[in-house]
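Have the structure open while you read.

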Amino acid sequence: MWKGRFAQDTDEAVINFTQSLDLDWRMARADIRGSIAHVRMLAHAGLIKAVEAVAIEDNLREIAREIESGSFTPKASLEDVHMNIESRLIEKCGAVGARLHMGRSRNDQVNTTVRLYLRKELLELWNGLEALISVILKKAEEHADVVVPGYTHLQQAQPISMGQFWMAHAQAFLRDAKRLSDAYEAVDESPLGCGALAGSTLPLDREFTRADMGFSRITENSMDTVAHRDHFTDILYFAAVFGGHVSRLSEDLIIYFSTEFGWVKLPDSFCTGSSIMPQKKNPDVLELLRGKAGQLNGALVDLLTMTKGIPLTYNRDLQDDKRSLFRTIDCLHMIFSVLPPLLARVDVDEERAGRGFSDGLILATDVAEYLVLRGIPFRTAHEKVGHAVRWCIENDRPMDKLTLAEWQALIPEVDADLPPLLSPRRSMERRDTDGGTSPRQVRAQIERAWKKLSVHEEEMSEYRKKLPDLL
């Protein structure tokens, strides 16, 4: 494409080094759809004849069918998906096909192709995220009345509803849904018509192509459009934060599934065994999910590092901007293929979880708050209950099994109404503040979460309607 300027052919080593077909061939249909919008605009602006535009579009659609059938084999010598398609178009319709690139640079062409491709991919990722959140909300509904230990520092802290545990993770993924929506909005701009960096002297109609491709708006500044990759960063940031949330959920379930805890039950079909130890049931899927967070974090750092010192506008460094991005998208698809169906089959052994309450010490905060309601300053109450805890440990007495006489010997302010309060279930039910762990509060959270999820789905549904054909 630049042979008029150069006296020598490109060295084969350079061709192999600079080609990007292994990266961008997946965007072939998106590239064709962007070219169709461009050629329609050229005819609309009177830059080519209507009959020429029809011929180009018909041949582009035929090339799309060739790609779909596998009969079109791209050539590395043509460097990328864009030049391969343009070359094939010229083969099919001659000089008419050579008019396609009028008023367009590969800079705005690639930018357009990627955004078209990403819109479809992000909507597919949304389907996975919605399925994940839906499964977690259903688990929260199923386990709203199930009592399990809650932990801080991985030490038993207070009794909680297992539904509260699920909702804690659901809230994180709902924030991810907002981040994914924001990333989509950042992608949803049409760059076509910005040219290499400065626009065009031709009477291009950017609003025409924007509408034809279903973008919400055009980009504002041609130089910024060509240079920035903020929309990639937004996607990778979503992925990195989401990966952290997946890792934390996986880690929780791995710990609670272990023999020492043992109150989470994982499905056999999502676990593996040992090549030497017949008794083993390993949470390999969860461990792999936990490990994916490193890949997702790395992709974000990769792009941030790549773009930190590049001057305006386009520089060839940016050819590789999509490698980590596409690996991230593929990784997210894999996560969504296994995590929702795994979680749907997770169960809880409430009896086994209850064995962890056997010393009753998880109810110590309930006793301190009981004393506060009797006018004792919290720090004083904390100290009194701390002494009681130490006595229970030294005398091997479960705190929830102490007699009233024992309580009054330890803490004279205790009355007969304390012992009935001291059970894990009663403790969970009494934590009824907004956002708390009582079943009533958990169910209120679930109801609000379903509504949030519905709002996001309505938004994404509107985006789906705007996607053009061919993608």
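The points below go through ring pairs and then charges over rings.

1. Keep in mind that this is a predicted model. Counting its aromatic pairs gives 12.

2. Let's start with F242 and F336. Their ring centres are 5.2 Å apart and the planes meet at 40°. Planes under 30 degrees apart would count as stacked and over 60 as edge-to-face, so this pair is tilted.

3. Where do F242 and F336 lie? F242 is in helix α10 (residues 230-257), while F336 is in helix α12 (residues 321-344). The pair therefore ties together parts that are 94 residues apart in sequence.

4. Next, take a look at Y256 and F261. This aromatic pair is tilted as well, with 5.9 Å from centre to centre and 50° between the planes. Are the two residues buried or exposed? Y256 has a relative accessibility of 7%, so it counts as buried. F261 has a relative accessible area of 22%, which makes it partly exposed, since the cut-off for buried is under 20%.

5. Y256 and F261 also belong to a cluster.

6. Finally, some charges sit over rings. R119 has its charged end over the ring of F215, 4.3 Å from the centre of that ring. R229 does likewise with F232: its charged end sits over the ring, 5.9 Å from the centre.

Technical notes. Residues are numbered from 1 along each chain as its sequence is written. This is a predicted model: local features need pLDDT of at least 70, side-chain atom pairs count only at pLDDT 80 or more; totals for chains, interfaces and linings use all residues. Side-chain values use heavy atoms; hydrogens and water are left out. Rings of Phe, Tyr and Trp (its six-membered ring) pair if their centres lie within 6.5 Å; planes under 30 degrees apart count as stacked, over 60 as edge-to-face and the rest as tilted. Helices (H or I, at least four residues) and strands (E, at least two) are DSSP runs, numbered from the N terminus. Buried means under 20% relative accessible area, exposed over 50%, partly exposed in between (1.4 Å probe, protein chains only). A charge sits over a ring if NZ of Lys or CZ of Arg is within 6 Å of the ring centre and within 35 degrees of the ring normal.
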